[in-house]
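Please consult the sequence and the structure shown below while reading.

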Amino acid sequence: MREFVEFFADGDSEVGAPPGWPELAVAALRPLGPKVIKPWPIPDPPPLQLCFEFDYYPEGLETIQAQLRRQGLSVDYWVRCEHTAAEVRQAELLVTGPGRVLTSVEDTLRWKDVTVCRYCGTRTAHWQFESLQIVEPPQGAELANVDHWPLVCSAELAQALREAQVTGLALVPVGLDWPVQWYGLLTTHELPPLATSPSRLVPNPVRTPQCVANHLWDAKTLLAYRRQELGAADFNHTYEYFGGVETAVRLLVISQRVYRLFGEVGFKRRNGYPVEVVD
Ligand SMILES: [Zn+2]
């Protein structure tokens, strides 16, 4: 696995970046060995933003981010993990997501807000699949999402999953029409809390001291679990919720068996990012 980092420093912070902020950012980040430093806009000084590209994850990056924030800069970074085809094939578990994005018929995508945390107000959506109507028919075996939100599974893929007797999965018919074309995909098995280094997990900025640690904004790396705690099913969701306060979501984690099955039944846009399992 290789990690690539893009670190952005921005002169347009809420508190107002100090004069000479680009020099501060460069002095802090150059010793970490960025491959490229790109000012934007180019070439007109002064830059509004600097981007530092790394072809590895520099140790202590979170400390430097915190230091620059204290100095009044607006800073954030992205981490992209790249895996070889062999690493994907060998992974026990993979995070997966939809292929294409489908469209709902107007006013048919409905949900109930469910409170995840009463202290900070983090909520998640419980989708009402029975009222949903989807414009596009399935294209064979596929997973897709509707208006970028709920995950649905085509009838053909649902049939293959049933025949394979996969665990941890519940399928809910979409709409009331017969035959069913799409099923809402729900997971019934929850993974234990992540064993990923806490420095790589970004807490939700709304978190209060009373909040439990299950709502996060982002993970700046791949997910990791301890083997003895794992006990995974074929379909799982993370204990943690990710993303915003109003629509926090759990990630879908599948077994290698399911990932392979996706390939065998011709799900062309299947995707999978390995999860690390540590002893
Ligand atoms: Zn909370």
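## Packing of α1 against α2

In this predicted model, helix α1 (residues 21–29) packs with helix α2 (residues 61–70) at an angle of about 160°. Their axes lie 11 Å apart. Angles over 145 degrees count as roughly antiparallel, and α1 and α2 are therefore roughly antiparallel to each other. The crossing of the two helices, α1 and α2, is right-handed.

On the α1 side, the contact is made by L24, A25, A28 and L29; α2 contributes I64, Q67 and L68. By residue class, the contact of α1 with α2 comprises 6 nonpolar residues, 1 polar residue and no charged residue.

## The buried face of α1

Which residues of α1 are buried? They are W21, P22, A25, A28 and L29. When α1 is viewed down its axis, these buried residues fall within an arc of 135°, so they line one face of the helix. E23 and A27 are exposed on the other side of α1.

The cover over the buried residues of α1 includes α2 together with the strands β1 (2–10) and β3 (49–54). A25, A28 and L29 are among the buried residues of α1, and these three also take part in the contact with α2.

## The buried face of α6

Helix α6 spans residues 256–264, and its buried residues are V258, Y259, L261 and F262.

What lies over the buried residues of α6? Their cover includes helix α4 (155–163) and the strands β5 (93–96), β16 (235–237) and β17 (252–255). After α6 comes G266, which has a positive phi near 85°.

## The chain as a whole

The protein chain contains 6 helices and 19 strands. Taken along the principal axes, its C-alpha atoms fill a box of roughly 65 × 40 × 40 Å.

Of the 279 residues in the protein chain, 29% count as buried. Considering contacts between residues at least 6 apart in sequence, 67% join residues that are at least 24 apart.

Terms used:
Residues are numbered from 1 along each chain as its sequence is written. This is a predicted model: local features need pLDDT of at least 70, side-chain atom pairs count only at pLDDT 80 or more; totals for chains, interfaces and linings use all residues. Axes are lines fitted to C-alpha atoms, for helices over the stretch in contact, and angles run from 0 to 180 degrees between N-to-C directions. Helices (H or I, at least four residues) and strands (E, at least two) are DSSP runs, numbered from the N terminus. Angles under 35 degrees count as roughly parallel, over 145 as roughly antiparallel, 65 to 115 as roughly perpendicular and the rest as oblique. A crossing is left-handed if the near helix is turned anticlockwise from the far one by less than a right angle, and right-handed if clockwise. Two residues are in contact if their C-beta atoms, placed from the backbone, lie within 7 Å. Ala, Val, Leu, Ile, Met, Phe, Trp, Tyr, Cys and Pro count as nonpolar, Asp, Glu, Lys and Arg as charged, and the others, Gly among them, as polar. A residue is buried if 20 or more other C-beta atoms lie within 10 Å of its own, exposed if 12 or fewer, and partly exposed in between; C-beta atoms are placed from the backbone. The arc is that of the directions from the helix axis to the C-beta atoms.
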